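Take a look at the model below.

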Amino acid sequence: MVNPVNVLGALAKFFSPTIKAAKELLQEKGSYEQLKAMMLRNGAKSDELEWSGADDFFKGKKVTKSEIIQYLTENDPRLEINTRKVDRGLTGDSPSYGVVDERNRAVLEAMDDTTMVNEAKLEILDNMKSNPSNRETFYEAGEFSNSEFLEAMKEEGDNKLDAYLDRRVFDRLVNDYNFDQPAFYNKHRVELPRVFGAGETEYSYYFPEGAEDYTENLFQYFDPTGRIKMTNLAGSGHFGEDAISTVMHSRTGIFPTRSGGKAMYVGEGQSDPFQKLQQGKDLTDPEPIYEKKRNLPRLLTRNYDESLSVSKMNELTDKVYSDSRKLRENNRKMFANNLNDEELGRLGREAAIFQINKLIKNPTRNVPSDQYETFKDMAKAFKIKDELPLDTALMTEDELEFLHYQLYNFDEFRGVNLLAKDDKRIVDQPLARRMQTAWTREPLGVEAVQEYMASEPVDWLNEGFRRYYGNLNADNMLLKMDILDARKEIEKIELDNFSGEQGFKEAGAPFMSSQDKWVDQIISKSILDAVNNPNVDYLTFPDDIGAIAKVTGKNIEDLEPGTEKFYKTDTQNRLKKFLKKFDVNPPIGQVFLDPPPIAGQNTSESFSSRGIQITPEFRESVIKKGVPTSAIAPIISYGALNSMGENENGDQM
């Protein structure tokens with residue numbers, strides 16, 4: 001094919017429609033808001049004005065046309081594209097061994113990191129000890145509770161327990177690998193599968209086999225104003241340290257087509273930060289997060305104004321979570337480490353009776369309205385008029401039976417043996433002992449006991465414990481005050497920065513306020529590359545489900561919901577809309593890609609894609625008009641034009 005430089009004397013280039021609109025202003029000066037409105041009507045992008053900082057810099061000021069042009073030129077928010085290409089030949093061929101073999105190889109190599117493995121084993125062991133009554137679903141432990149299993153392991157020896165924990169870590173790593181293979185290789189620094197022609201690229205193994213010029217494009221954004229550290233917002237879990245400030249990435253390759261010619265195939269487009277922003281978009285009341293979630297989700301920066309506020313909120317969130325965890329551990333150790341099983345059982349039993357007596361005295365205040373009639377009827381049936389004695393030995397049979405039923409209204413005490421140790425309903429003494437102490441692992445149970453101890457003398461507790469309890473409880477009060485202060489500060493930040501009549505703000509970070517924003521960037525880069533490459537006849541995007549699964553590193557049946565729709569529908573719709581920017585809009589249709597045999601294979605499988613033909617008319621239109629974008633940094637393209645300047649319209653040259 002004839003090189004477009006030789007025919008048209010130029011290559012297609014990106015240009016900033018906002019700088020172009022500024023240069024075409026007919027009014028030389030006025031208020032910024034007035035000139036901005038004129039620019040927007042003439043094709044300027046509101047995103048560029050926001051991300052460049054122009055909206056804040058010129059807000060409410062009188063400004064000249066030349067001042068706007070100068071500011072935008074100096075602070076044009078631009079993407080830099082880190083491009084990695086294969087060094088030669090074809091790529092994408094799989095290793096000679098199978099998928100399971102490769103997974104096991106990668107997992108075993110990850111387990112060579114003994115520090116990581118030991119930390120994971122300690123975490124598993126600590127979790128088992130902290131939840132003794134849970135029944136695990138792994139191996140032989142499923143037959144016992146955690147405490148029973150660990151007790152049995154003492155007789156088997158340390159080697160047996162260590163082997164069990166090794167298998168648990170192995171299974172955990174297998175799950176991580178299956179969930180996101182590229183991220184697994186990067187996180188654990190595992191050597192990637194060796195494939196032919198990979199060059200400096202990292203994930204050609206996950207691209208359909210037989211591609212020429214396989215390329216990985218990392219779109220990286222750096223704030224021109226310095227108001228926000230993009231490293232706090234952007235990055236890719238797939239490409240290691242080189243992916244800092246990456247807001248999206250794409251992977252492309254060139255394949256022969258069944259009908260003749262070659263197609264540039266955009267096999268993947270993805271934005272890890274956008275997905276994280278969507279997951280963290282709902283800023284709800286932090287209270288249940290701190291108390292119920294072990295892995296506390298962090299809030300994410302959505303735009304410039306929110307960056308410092310979100311950073312502060314994350315610090316406060318970490319503090320609340322850390323202090324809450326320390327408080328719960330203090331409360332648990334306060335009792336479990338200083339009282340024997342019998343004393344713990346008695347203390348919990350009396351605290352539960354204390355709570356039930358509160359209900360007897362004032363049921364309308366302490367019982368939910370939908371349960372009030374039930375409680376009243378039960379108390380009447382068991383002839384309960386006065387409060388129950390704290391000593392179950394002094395209770396009547398009716399009172400004992402009433403107590404037995406009422407305990408199941410308390411989540412913190414449900415199923416816990418709080419009756420006298422000689423009660424005939426207890427048949428399993430080891431189980432009974434565990435039940436007696438279970439409340440120490442329940443925050444609500446500990447709080448109920450603390451309320452009881454603050455209201456009653458509990459003079460049967462020894463003096464040493466009571467002094468220790470008083471001192472530790474004073475420390476805990478300070479922790480509670482710190483937690484309360486942090487939560488109030490979080491609420492204030494939310495009220496001042498994130499709430500209002502419209503509720504919490506939507507994601508508004510550079511190129512990520514919507515999926516369309518970053519998808520358009522990938523499409524624009526792909527059109528520019530395809531038009532400027534004289535060897536390309538088609539530009540196509542995924543249509544075959546097997547090829548879509550290949551780039552995600554998953555089996556077809558394991559694809560995330562929406563992945564197929566994203567490629568087959570969402571991306572195609574954005575392509576249709578983007579093509580309208582040019583006078584010549586080639587029709588979108590199905591193109592079958594026919595990769596050549598590689599690595600000694602006799603045949604290769606063709607697969608379908610959808611896209612456009614790069615006709616001479618379309619190539620000419622794109623070269624003449626340029627590719628509008630939300631500002632992308634100069635890129636070295638194909639052909640003779642390796643240096644870029646700027647023409648009179650603000651186009652990048």
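## A leucine in helix H22

Leu 528 lies in helix H22. Helices here are DSSP runs of H or I with at least four residues, strands are runs of E with at least two, and both are numbered from the N terminus. This is a predicted model, in which local features need pLDDT of at least 70 and side-chain atom pairs count only at pLDDT 80 or more, while totals for chains, interfaces and linings use all residues. Residues are numbered from 1 along each chain as its sequence is written, and side-chain values use heavy atoms, with hydrogens and water left out.

Is Leu 528 buried or exposed? Leu 528 is buried, because its relative accessible area is 2%. The terms have cut-offs: buried is under 20% relative accessible area, exposed is over 50%, and partly exposed is in between, with a 1.4 Å probe and protein chains only.

## The largest cavity

Rolling a probe the size of a water molecule over the atoms shows where empty space is left. The search uses a 1 Å grid over the protein atoms alone: a cavity is a set of points where a 1.4 Å probe fits but cannot get out, and lining residues have an atom within 4 Å of a point. Grid points are joined across faces, edges and corners, and a volume is the space filled by probe spheres set on the points.

Over the whole structure, the search finds four cavities of 30 Å³ or more. The largest cavity has a volume of about 80 Å³. Among its lining residues are Val 266, Trp 518, Phe 541 and Tyr 567. Strand E8 (262-270), helix H22 (515-532), strand E9 (538-542) and helix H24 (563-579) each give two or more residues to this lining. H22 gives the largest share, four residues.

What classes of residue line the largest cavity? There are nine nonpolar, two polar and one charged. Here Ala, Val, Leu, Ile, Met, Phe, Trp, Tyr, Cys and Pro count as nonpolar, Asp, Glu, Lys and Arg as charged, and the others, Gly among them, as polar.

## Strand E9 and its neighbours

E9 is mostly covered, with five of its five residues buried. Two strands pair if DSSP finds at least two bridges between them. E8 and E9 run parallel and are joined by three bridges. Tyr 265 has Thr 540 in E9 as its bridge partner. E9 and strand E11 (residues 607-613) run antiparallel, joined by five bridges. There, Phe 541 has Arg 610 in E11 as its bridge partner.

Asp 543 sits in the loop between E9 and helix H23 (545-552). Asp 543 counts as buried, because its relative accessibility is 14%. Ser 609 is 66 residues from Asp 543 in sequence but 4.5 Å away in space, C-alpha to C-alpha.

In strand E6 (residues 211-221), nine of the eleven residues are buried. E6 pairs with strand E4 (residues 79-85) in the antiparallel sense, over seven bridges. Thr 215 in E6 stands opposite Lys 85. E6 also pairs with strand E7 (residues 246-256), again antiparallel and over seven bridges. Leu 218 stands opposite His 249 in E7.

## Aromatic rings

Rings of Phe, Tyr and Trp (its six-membered ring) pair if their centres lie within 6.5 Å; planes under 30 degrees apart count as stacked, over 60 as edge-to-face and the rest as tilted. By this rule there are 20 aromatic pairs. Phe 57 and Tyr 71 form a stacked pair, 4.9 Å centre to centre with 20° between the planes. Phe 57 is in helix H5 (residues 54-58) and Tyr 71 in helix H6 (residues 65-74), 14 residues apart. Phe 57 is partly exposed, because its relative accessibility is 44%. Tyr 71 is buried, with a relative accessible area of 10%.

Phe 207, Tyr 214, Phe 255, Tyr 265 and Phe 607 form one aromatic cluster.

In helix H18 (residues 397-406), the buried residues are Glu 399, Leu 400, Phe 402, Leu 403 and Gln 406. Seen down the axis of H18, they fall within an arc of 165°, so they line one face of the helix. The arc is that of the directions from the helix axis to the C-beta atoms.

Helix H25 (residues 616-625) has buried residues including Phe 618, Arg 619 and Val 622. Just after H25, Gly 626 takes a positive phi of about 80°.

Conventions. On a 1 Å grid over the protein atoms alone, a cavity is a set of points where a 1.4 Å probe fits but cannot get out, and a pocket is an open set with protein on both sides within 12 Å along at least five of seven lines; lining residues have an atom within 4 Å of a point.
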